[in-house]
Amino acid sequence: VLFPPQEAGNLYAGYTTGESPVDILNPSAKRHPKFAEAKAQVVTLYLGQVLIIPSGWWWYSVALEPSVTLGHQFWNMDNKVYLVESLK
C-alpha cells in the first residue's frame, strides 16, 4: 500500500520518525479520523517483480505468502547520476 507525500497529514505521519501511528489494517476512526480521507494506491507484486518507491512516499507491505523481501535505500545525492543512467 502506497501513499503519496501529500497524504502525510491524513496519516498523522511524523517526518522526524518516518512513521505513522495509524494501523492501516484496523484503523481507529476515533483516534485518526482524517485517515478515512487518505488516498492509497494498492500494489500486488508477483514472482520476479520489483517496486521502486519514490522518495517521500509512505508505504506498508504485507507478504501474502512466504517470500524474501529486500528494502534498501539505493538512491542518494552521491549516486543519483549513476542510478538515472542505469535505468535508461
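## Close-up views of a predicted chain

By the ring-pairing rule, the count comes to 1 aromatic pair, where rings of Phe, Tyr and Trp (its six-membered ring) pair if their centres lie within 6.5 Å, and planes under 30 degrees apart count as stacked, over 60 as edge-to-face and the rest as tilted. The model is predicted, so that local features need pLDDT of at least 70 and side-chain atom pairs count only at pLDDT 80 or more, while totals for chains, interfaces and linings use all residues. Residues are numbered from 1 along each chain as its sequence is written, and side-chain values use heavy atoms, with hydrogens and water left out.

**View 1. The chain as a whole holds 1 helix and 2 strands.** Read along the sequence, these elements follow the pattern β-β-α; helices (H or I, at least four residues) and strands (E, at least two) are DSSP runs, numbered from the N terminus. Of the 88 residues in the chain, 17% are buried, where buried means under 20% relative accessible area, exposed means over 50%, and partly exposed lies in between (1.4 Å probe, protein chains only).

**View 2. Y12 has K34 over the face of its ring.** Y12 is found in the loop between β1 and β2, and it counts as partly exposed because its relative accessibility is 26%. K34 lies at 5.2 Å from the ring centre; a charge sits over a ring if NZ of Lys or CZ of Arg is within 6 Å of the ring centre and within 35 degrees of the ring normal. The phi of Y12 is near 55°, a positive value in a residue other than glycine. Most residues other than glycine have a negative phi.

**View 3. L11 is a buried residue of the loop between β1 and β2.** L11 counts as buried because its relative accessible area is 3%. The C-alpha atoms of L11 and F35 are separated by 5.7 Å, although the two residues are 24 residues apart along the chain.

**View 4. Q49 reaches the backbone of Y46 through its side chain.** The side chain of Q49 comes to 2.6 Å from the backbone nitrogen of Y46. Q49 also belongs to the loop between β1 and β2, and with 44% relative accessibility it counts as partly exposed.

**View 5. V43, L45, L51, I53 and W59 make a nonpolar surface patch of about 440 Å².** Such patches are made of residues with over 30% relative accessible area and no salt bridge, with like charges joined within 9 Å and nonpolar side chains (Val, Leu, Ile, Met, Phe, Trp, Tyr) within 5 Å. A salt bridge is a side-chain nitrogen of Lys or Arg within 4 Å of a carboxyl oxygen of Asp or Glu. V43 is placed in the loop between β1 (2-3) and β2 (58-59), and at 35% relative accessibility it counts as partly exposed.

Conventions
Accessible areas come from the Shrake-Rupley method with a 1.4 Å probe; for residues, only the protein chains shown count as cover. A polar contact is a pair of N or O atoms within 3.5 Å; within protein, one must be able to donate a hydrogen and the other to accept it, and residues adjacent in sequence count only if both atoms are side-chain atoms.
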